Amino acid sequence: MVRRYCKAGKMRQGFYVGRVTYAMLVAPILVLIFLFFYVPVGLAFFWSFFLERPFGGGSQFVGMQNFSRVLSDPVYWEALRRTVVFMIIAPGLAIGISLVLALAADRGLRLSQAARNIVIWPKAVAGASIGVVFVFIFNPFLGIFSPINDLFPGLWNPRIDGNDAFATIVVAQVWNGIPFNFVILLSGLQAIPDMLVKSAAMDGAGSWRRILDIQLPLLTPQLFLTFVLEFVGTVVEAFGLIDTMTQGGPGEATTLLIYKIYVDGFKAYDLSGAATQTVLLMIFVIVMVLLQFRLEKHVKYER
Amino acid sequence: MIEKATGIDRTATVILLLGMAFVLAPLVIAFVTATQSYQQFVQAGGIRFRISGHFLDNIRLIITETQLPRQLWNSFVISLLVAAIKCAFAFTATFALVFFENRMNRVIFAVTIATVMLPLELVVITTYQIVANVLMPVNWIVKATGIDWLADRIAGVRVPELRLNLLDTYIGIAAPIATSCTSVFIYRQFFLTLPRDLPRAAAMDGAGPLRFMVDILLPLSWTPLIATFMFWFIGGWTSYLWPLIAASTPDAQPAVVGLAKLATTDPERIPEVPMLMTGALFVSIIPVTLIAVMQRQIVRGMNLSEK
């Protein structure tokens with residue numbers, strides 16, 4: 001009994017020290033992420049320097065050839081340009097709309113409760129599922145714009161016009177992206193101490209003034225967070241929408257990098273090319289995230 | 001309410017109404033169309049805002065004519081696995097990181113948090129190769145350390161290439177989705193708010209670390225655990241790219257992939273839109289109900305990191 005007590009009490013300044021227990025506790029997650037995260041990431045880097053043949057046909061070291069092949073392909077640069085455009089428009093709209101909604105919901109109106117519940121529903125709808133719905137809604141002959149097409153034939157046709165197709169993907173992405181941003185921004189607004197808003201009101205600041213001078217500046221950390229998450233998210237989340245709505249077309253108007261990787265790797269079996277693009281996209285995402293964190297240092301969070 | 005601000009409150013009401021309308025519009029359109037029969041839909045020549053009585057017929061069609069019911073079960077199992085793995089593994093690991101004194105703490109925290117930066121969808125190409133043979137790293141180690149050469153030399157045994165294919169299995173689809181360790185971050189924030197004397201008091205009463213974790217920490221953590229569990233369940237349910245390539249047979253695919261496969265039909269023909277809309281609602285109803293009912297718990301549990 002005494003021995004057991006001693007064993008149980010093996011602590012140093014309130015911290016447990018048992019090494020074996022520690023290893024047992026962290027082992028599951030480490031094995032999981034090693035096997036299914038770090039090995040694939042490492043393998044992608046490895047493959048980008050080799051010419052991999054599909055179906056286990058062997059590999060051959062080719063140095064930087066894969067990179068020069070991918071980077072000299074104008075199709076790749078087009079896809080990159082489209083991805084960047086998409087990454088600016090979709091998160092911008094999603095965060096802007098979420099911010100306005102969050103500011104409105106924060107006012108504690110009768111409608112707020114219902115709105116807070118309903119606005120997060122899209123979070124539970126898969127991109128691919130809502131893509132199936134949106135492709136019908138935007139169908140030039142069957143959807144909501146078909147009356148317009150009856151009057152002006154060919155004005156709206158996402159199957160032929162690349163810009164129309166791109167717009168449908170953006171709308172769907174914004175729809176899917178609102179809930180998460182809304183939740184983060186609303187919780188940020190509600191964490192602002194009442195005292196601050198009230199004292200500003202006593203100083204004669206009206207509602208609009210308080211939004212501009214108190215709520216928005218104090219919301220910077222959450223705004224920053226939403227931008228980081230949305231940027232990374234939109235790079236990959238659009239896949240389900242693209243695959244169900246446009247399959248990258250018409251032409252290649254909606255082929256974003258993530259879709260191109262999928263097509264090159266799993267349809268054309270260009271494993272090295274796909275791995276190289278994966279590596280480039282990973283570097284792109286990491287640079288974006290690090291850039292945003294550098295930016296964060298210039299933002300003041302004092303409350 | 002600080003002062004009476006009718007103007008801005010009226011604006012806010014309008015904004016909220018518009019927001020709800022935008023969110024609900026696709027769902028309402030899907031539902032209205034799902035109540036129509038294919039004949040009605042073709043006759044009307046497209047979208048019509050008239051509720052008709054064929055919703056149950058369409059549901060019956062989905063249940064009898066498509067694989068969606070079985071795929072719904074797949075989705076359920078996969079999402080459950082994703083949520084369980086994410087919560088359980090992160091819980092024990094975060095417990096170790098916060099309540100143990102160990103030199104590896106910083107490294108392990110960094111290694112787990114780094115997974116958040118790169119979503120699985122980015123690395124599907126090579127993840128596919130690993131899941132197609134999860135013992136591949138073991139083969140590499142055998143080769144790299146020269147064990148195969150030694151075995152051949154000393155015992156004359158050829159070390160076989162080990163193979164274990166997890167494609168088309170529940171665990172093979174769920175495990176890579178579960179690698180993103182956001183939970184570690186959330187639980188850590190929560191554990192750090194707990195009083196430091198808690199493990200000390202437990203130790204005085206003779207409880208070791210595992211007992212403390214199960215009997216004291218676990219009951220205290222229900223709020224964030226349930227919230228994250230729901231959240232990852234929904235995340236598993238809605239993931240698409242990885243299940244699309246990891247599950248090659250309809251029997252193994254989750255419902256979202258099954259629905260997308262249904263939707264890719266011959267473009268020349270008017271698609272079975274009412275059935276597709278029914279299908280879209282059919283595969284979304286469980287997670288949407290979950291989020292609608294549990295909204296408060298999910299948001300509160302996820303926000304613990306903010307407070």
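This briefing covers helix packing, domains, chain contacts and a few loop residues in the structure above.

The model is predicted: local features need pLDDT of at least 70, side-chain atom pairs count only at pLDDT 80 or more, and totals for chains, interfaces and linings use all residues. Residues are numbered from 1 along each chain as its sequence is written, while chains are lettered from A and ligands numbered from 1 in the order in which they are written. The contact between the chains takes 86 residues from chain B and 93 residues from chain A. Two residues are in contact if their C-beta atoms, placed from the backbone, lie within 7 Å. Helices are DSSP runs (H or I, at least four residues), as are strands (E, at least two), and they are numbered from the N terminus.

**Helix H8 against helix H11 in chain A**

- Helix H8 (residues 162–191) of chain A packs on helix H11 (residues 220–245) of chain A at an angle of about 150 degrees. Their axes are 9 Å apart.
- Axes are lines fitted to C-alpha atoms, for helices over the stretch in contact, and angles run from 0 to 180 degrees between N-to-C directions.
- H8(A) and H11(A) are therefore roughly antiparallel to each other. The classes are roughly parallel (under 35 degrees), roughly antiparallel (over 145), roughly perpendicular (65 to 115) and oblique (the rest).
- H8(A) passes H11(A) in a right-handed crossing. A crossing is right-handed if the near helix is turned clockwise from the far one by less than a right angle, and left-handed if anticlockwise.
- On the H8(A) side, the contact includes Thr168(A), Ala172(A), Asn176(A) and Leu185(A). On the H11(A) side, it includes Leu225(A), Thr234(A), Ala238(A) and Met245(A).
- By class, the contact of H8(A) with H11(A) has 10 nonpolar, nine polar and two charged residues. Ala, Val, Leu, Ile, Met, Phe, Trp, Tyr, Cys and Pro count as nonpolar, Asp, Glu, Lys and Arg as charged, and the others, Gly among them, as polar.

**Helix H4 against helix H11 in chain A**

- Helix H4 (residues 74–105) of chain A and H11(A) pack at an angle of about 125 degrees, with axes 9 Å apart. That makes H4(A) oblique to H11(A).
- H4(A) passes H11(A) in a right-handed crossing.
- Residues of H4(A) in this contact include Phe86(A), Met87(A) and Ile95(A). Their partners in H11(A) include Phe227(A), Phe231(A) and Val235(A).
- The contact of H4(A) with H11(A) divides into 10 nonpolar, three polar and one charged residue.

**Two domains in chain B**

- The domain assignment of chain B gives domain 1 (1–65) and domain 2 (66–306). Such bounds come from an automatic or database domain assignment.
- The centres of the two domains of chain B, taken over C-alpha atoms, are 33 Å apart.
- Domain 1 of chain B puts 15 residues in contact with 14 residues of domain 2 of chain B.
- Helix H1 (6–34), helix H2 (38–44) and helix H3 (55–65) of chain B each give two or more residues to the domain 1 side. H3(B) gives the most, with six residues.
- That domain 1 side has 10 nonpolar, four polar and one charged residue.

**Where the chains meet**

- The side of chain B that touches chain A has 61 nonpolar, 17 polar and eight charged residues.
- In helix H6 (residues 124–132) of chain B, the buried residues include Val124(B), Ile125(B) and Ile130(B). A residue is buried if 20 or more other C-beta atoms lie within 10 Å of its own, exposed if 12 or fewer, and partly exposed in between; C-beta atoms are placed from the backbone.
- The buried residues of H6(B) pack against elements of both chains, including helix H13 (271–297) of chain A and helix H7 (136–145) of chain B.

**Loop residues**

- Asn133(B) is in the loop between H6 and H7 of chain B. It has 18 C-beta neighbours inside 10 Å, so Asn133(B) counts as partly exposed.
- Asn133(B) and Asn165(B) are 32 residues apart along the chain, yet their C-alpha atoms are separated by 4.7 Å.
- Gln247(A) sits in the loop between H11 and H12 of chain A. Its phi is near 50 degrees, a positive value in a residue other than glycine.
- Tyr269(A) is in the loop between H12 and H13 of chain A. Phi of Tyr269(A) is near 55 degrees, also a positive value in a residue other than glycine.
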